[in-house]
Number of protein chains: 2
Amino acid sequence: MNLLDLIVGRPLKSSEERAEQIGAAQGIPIFGLDALSSAAYGPEAALSLLIPLGLMGLRYIVPISAAIITLLIIVYLSYRQTIEAYPNGGGSYTVARFNLGTFWGLLAAAALMADYILTAAVGISAGVGALVSAVPRLLPHTLGLCLGILLVLTVVNLRGVKDAGTAFLLPTYLFVGALLITIVVGIIKTVLSGGHPDPVVSPFLGRGVPAATVQAASFWLLLRVFSSGCTALTGVEAVSNGVRAFREPRVKNAQATLTIIIAILGVMLAGISYLVKAYGIMATDPGQPGYQSVLSMLIAAVLGRGVFYYVAIASILLVLSLSANTAFADFPRLGRAIAANNYLPHGFGQRGRRLVYGHGIWVLSFLTAGLLIVFGGVTDRLIPLYAVGAFLAFTLSQAGMVLHWWKARGVGWLKAALMNGLGAFVTGVTVAVVLTAKFLDGAWLTLLFIPLVMSLCYWVRRHYHNVAVASQCTMPMEAVGVGALPPIAVVPLDRWSRVSRQGLEFACRFSNEVIGVHVEAGEHATLLHEDWERYVAVPLRAAGNPVPELKILSSPYRFVVSPVVDFVLELAEKNAERRIVVVIPEFVEEKWYEYFLHNQRARLLEWTLLAKGNERIFTVASPYYLSTATRQLR
Amino acid sequence: MNLLDLIVGRPLKSSEERAEQIGAAQGIPIFGLDALSSAAYGPEAALSLLIPLGLMGLRYIVPISAAIITLLIIVYLSYRQTIEAYPNGGGSYTVARFNLGTFWGLLAAAALMADYILTAAVGISAGVGALVSAVPRLLPHTLGLCLGILLVLTVVNLRGVKDAGTAFLLPTYLFVGALLITIVVGIIKTVLSGGHPDPVVSPFLGRGVPAATVQAASFWLLLRVFSSGCTALTGVEAVSNGVRAFREPRVKNAQATLTIIIAILGVMLAGISYLVKAYGIMATDPGQPGYQSVLSMLIAAVLGRGVFYYVAIASILLVLSLSANTAFADFPRLGRAIAANNYLPHGFGQRGRRLVYGHGIWVLSFLTAGLLIVFGGVTDRLIPLYAVGAFLAFTLSQAGMVLHWWKARGVGWLKAALMNGLGAFVTGVTVAVVLTAKFLDGAWLTLLFIPLVMSLCYWVRRHYHNVAVASQCTMPMEAVGVGALPPIAVVPLDRWSRVSRQGLEFACRFSNEVIGVHVEAGEHATLLHEDWERYVAVPLRAAGNPVPELKILSSPYRFVVSPVVDFVLELAEKNAERRIVVVIPEFVEEKWYEYFLHNQRARLLEWTLLAKGNERIFTVASPYYLSTATRQLR
C-alpha cells in the first residue's frame, strides 16, 4: 500500500475535489500541449508539400496560413460558445448527441477516440524518433523508450490532473517562450531591414536552395497544403471536454484557458509563416540527407546556433513527446461522458483514489501500447491519419451547434449559426480531402475503427438495459425462516487435514446431509477412507449425529475440478427442490507469492460452479490459516 | 473447449500413456536436436579462435577434435551407464543427489536449468538471426519472430512428446543426411586425390587466404580452442532425463537413442575436422564483410553451390532454431524430478491434458521469452555462457557416478570409476576454463542465477514442510450438529434487486441475525431504505420472522470493498465466539466478456476477506443468473 501511495500518491477524499481543480496556468499544459505542439509540425507539413515549387511556393504560404488561422478562429469561437452552453463538459460527443442525435454523437465520440489513441502513439514515437536520431545508439531500444514514456504519462495522469499540470508546466512555457522570442526578434529584424533580413545562419547552409520542379501550384495541391496545415488545429477540442476539471468560475476559467491557447497558437502560426516568407525558408525532404526541420532553420536564421538554439530545439522535442498527454487528459473525460449514457462500461465513470477516471487512462494506455508494439514504435506513417478523427469531430460538433442556435433562436442566433455552419462546412471539406488523399495510406484503418467502436457502444447499452430489466425486483422477500428444509452440503477434500476438518465442521453445522467428495488422482483414497472412519464417522456416530458420506470420484483424464462440478450438478438435478451448498476448504497462505506453490483448484472450482451452476447452488470459501495453525502448534 | 482441442489436441487418458511413448526414431529429433545441431557451431567456435594462426592453425584441428571426440565418448559411456542405473530418469540432478547429496544435486539442477533457458533463447535467436541476415527486410521484426517461434515450440510441446517428435523428424534427418553426404563425398574425393582435393568452389572466393598474425599457438590458446569446441557436447544430457518418455524396453530404447545421437555427432565432428584440414578451410571473422560460416564453405568446396547446397544450408538454419526444442523436452522432466522431492512447486509434477508436464513447459517458455525480450531477440553474446551450466552438470553427474561405482564395487568397478573420474576431471577443467575466459563477458550471470535457484528450492522445500506440519490433523471432528449457535450473516448490497433478494433469502434460511450492508457511494441510499422497508421488513414482520438490519457505511475515499471488510472484521471481533458468514450476491453473466461491463467487487471482497480474515469468517457466493432472469420474465 505504501508503494502504491509513493507511485500514484495518497488517496484523495471526494471532498478534496476542489483542491484538485485547476486554473488557467495549469490548464494550458494539460489541455493545450497537443494544440500548441502542432505549431511545430503543422507549418512543416504544409511547407513540405510546396517543395516542388521551389522558392516560388513561398508566395502561397501567407494566404494559406491566413485561411488556416481564420478556420482556427472559427473553431475557437464555436468551442468558446460550446463551453458556455455545456458547463459539465461539452465535447463534440455531447454537442452532437444533444443536437443531432445519438448516432452522430457516437460517431463523433468514436472519431475522437481514434484521434486520441493516434495522438498518444504518434506524439510519443515522434519524441522518441527525434531522440533516437540524435543518439543513434538508442535505436534498438525505440520500442522500450516509447513504452517507458507511455508508462510515465500513465502514472503522472493517475496521480491526478493537478500533478500532471505541474509536471508539464516548465516544458510547455519553455517551448512557448522560445518560439515567441524567435518570432518577436525575427519580426523586429525584418521590419528594421525593410523586409529583407539577413539570416544569422543561412537556412540552406552548404546545400543550396532546392530547385523548382513545377511551375505553378494547382488548386488540388493548394487544397492539400491547406488540409496538411490543418493538422495544426487538432487538440483544440480538449478544453471543452475538460470543463469540470477547472475551479470555479469554471466556465470562465475554461474559456480563458482556451483563449490563451488559441491566441498563442495563432500568433505562432502567423509569426512562423511571416518569417518563413521573409527569410525565404523552404521545407526540406525528410528522406534526403541534409534534412532539417523548418523550425530549426528558422531559429538558426533569426538567432544563430547558440545556447538559445539548443534550448529551443530541446523544448520542441520535449513538447512533441509530451503532446501525447492531451490524449490522456481528454480521453478519460470523453469516456466518462459516454459511460454516463450507458454506452461504455460504468467503470469509465468511476473516479479512482486520486479522483481521476482511472479506467479511461488505463484503456488509452493499453490501446496506445498495442499500437506502439504493432508498429515497433515507429508510427510516422500514422501521422496523416490522425487529423481525420479530430476534423470529423469538429464537423459534427459545429453542425450540432448550428442546430443548437436554430432551436433557441435567441438574439444574434443567425450570425452564430452561420459562423458555425461555415466552420462545419470547411472542416467537413477538410475531412473529405484528407480521407481522399490518404485513404490508401491507412485512413481506411480509422474508417474501420469508428464503426467498430460504435457497435461496441450500442452493444454495451443493450447489455446494461437487459441487466437492468432482468435484475429489477418488485417481489417481496419470501418469509421462510431458519432451518426450513436445510440444504445438502458437499465438501470436496484431498486428504484429511486441519483444513478439511474446518470445512466439514462448518458444513455439519447447517446441514444433516453432508457429502465428502474426493477425486481419485493418486494413492490418497485408501488413506482417506481410514482417516474418515477414525476422525469423522466414529466421533459423530458416538454423539448420535448424522454421519457424512464419503464419495470417491474417478478421473481418467486427471482433471480434478470437473468431476466435482459434474457431481454437484447431478446432485442438484436429482434434488430439484433443495439448495446445494459446496463448502470449499481453502488453505490461506501468509504471503501472496506462496500461492505459486499450491494449485488454485479451490478458485477454479468456485468459478466453474458459478459459471455452470444455477440459483440453487452456493459455494462457501472455508478458510484455514497457516498463521493460526503455527500458533496452535506452539 | 473445441478451440483448445484444436490447438493442443484432445485430452489423453492416463491409460493412453503407452501410446504416447516413443521409440528411437522419434527420440532422436526430440532429445538429439541440441546435440546434433552443435556440429554446426562447435567446430566453428573452435576454428575461429585459430584465425590468428592463419593456415598454420589447421594443424591443430585434428588433435583437438580427437580430444573432443574422446571426451564425447567418455561422457556418452557415462550417461549410458546412468540410464541403466536410473531407469526412471537419471539426469545429473538425480545422480548427483543420490551419490553426492542434496546440495550437489540442486547445484547440478540449477546449472542445467540455466543451460536449458540459454539453449532455448540462443537457439531461437540464432535461427532468427540467420533468417534476418538472409532477408534484411525482417530486421525490425526480430523480437516478434523469436517470440513467434517460441510460441510454436511451446504449443507443439504442449501437444505431447509424440507430436513434437513427429514435427521435428523431417528437418533433423534432412540436416543429418545433408552433412553425412557432404562428409562421405568429401572423404572419397580426398582419398582419390591423394589427400589434396580440388575444391568445387574455393573457400576464400575473391578474398584470399587470411594471413597469419601469430606464429605459434600458446597452450592457453589451445585450451580455449578445446573448451570452445566442447560446446559441441551440450545437449548430451537430455536423453538420460527423458528415459520415462520411451516405450518398453525403455532402458534399451533410451540407450539406443543416445548411441545413435552420439555416433552421428562423433562422425560429423570427425568428418568435419578431417575435411576442414584437407580442404584448407579456415574460419572467417563474423564481424567482417565477406564472412561465411565454416559449414557453408565446406559444403560449397565439396559439392559446389547447387540445389544441394541451398537445401543443406536451409536445413542447418532450421535445425539451429529448433535446437531450442531439446530444452523444452528436458526442462519439464528435470522440473518433475525436483518437484518429486518437494524442492519445486508440485505443479511441476502434474501431467496435463496431453500427459506432458505443462508447468515446466510454461515456465521455460516465460523465462525464455523474458530473456529474448530483455536482449531484444539478439542473444549472441550469451552463446559462450551456456556451456557453463551443461559442463557443471556433466562434472557433478560423473563425480556422482564415481561414488556410485565405489559404493557398489561390482565387477570391473574400478575401470568404470576411473573412466567417470577422468570425465569429471576433464569436464571440470572445461568449466574452469570457460568461467575464467568468459567471466566478464557474462558468465557471472550464470553464477548469480545458480545460487538464486538453489535458494528458491530450499525455500520451497521448507514451505511445504511447514504446511504439511501445520495442516496435519489428528483431531477428531467436533460433534456439534445443526442449528447450535447459528452464525451471523452479513449481506453486502448495492440496491434492491433480484440478485440481492436471492442472497438475503439464502442468509435468512440459516441465520436469525442478518445484516444488510450498503456502502454510501451515490444517491442509492434513500431509495434502498424505502425498498428495504417495503420488500424486506414488511413481509418478514408480517410473518413474525426476525427482520434483518440495514447498515449504511460511509466511504470518504470512494472505496467500496474496504468499508465492508472493516465492518466484518469488527463484527467478528465483537462476537468472539460466533461465526460470521458473508453472503455475496453475484450477478452471473452468460458470456465471459460481459464481465468487463461490471466491476468485480464481489471477487475483490471475497479475496480481501480471505486474506484479512480468520477461521470464523466464511464467504458465500450467492449467484443470480441473467439467463434465469430472462426466462422468468417471459
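In this predicted model, the largest nonpolar core comprises 135 residues, and the members that touch the most others are F31(B), L36(B), I338(B) and F391(B). The element that gives the most to this core is helix α6 of chain B, spanning residues 102–134, with 15 residues. In soluble globular proteins, nonpolar side chains tend to be buried together.

The surroundings of F391(B) can be followed residue by residue. Leaving aside residues up to four places away in sequence, F391(B) touches L71(B), C230(B), L233(B) and T234(B), together with T427(B), T430(B) and V431(B).

N99(A) belongs to helix α5, which covers residues 92–100 of that chain. N99(A) counts as buried because its relative accessibility, 9%, falls under the 20% cut-off.

When residues up to four places away in sequence are not counted, N99(A) touches Y86(A), G400(A), L403(A), H404(A) and K407(A).

Two of these neighbours also approach N99(A) through polar atoms. The side chains of N99(A) and Y86(A) make a polar contact at 3.1 Å. On the G400(A) side, the backbone oxygen of that residue lies 3.4 Å from a polar atom of the N99(A) side chain. The buried N99(A) thus has a polar contact with the side chain of Y86(A) and a polar side-chain atom 3.4 Å from the backbone oxygen of G400(A).

Terms used: Residues are numbered from 1 along each chain as its sequence is written. Chains are lettered from A and ligands numbered from 1 in the order in which they are written. This is a predicted model: local features need pLDDT of at least 70, side-chain atom pairs count only at pLDDT 80 or more; totals for chains, interfaces and linings use all residues. Side-chain values use heavy atoms; hydrogens and water are left out. Helices (H or I, at least four residues) and strands (E, at least two) are DSSP runs, numbered from the N terminus. Buried means under 20% relative accessible area, exposed over 50%, partly exposed in between (1.4 Å probe, protein chains only). Contact means heavy atoms within 4.5 Å. A polar contact is a pair of N or O atoms within 3.5 Å; within protein, one must be able to donate a hydrogen and the other to accept it, and residues adjacent in sequence count only if both atoms are side-chain atoms. A nonpolar core is a set of buried Ala, Val, Leu, Ile, Met, Phe, Trp, Tyr and Cys residues joined through side-chain atoms within 4.5 Å.
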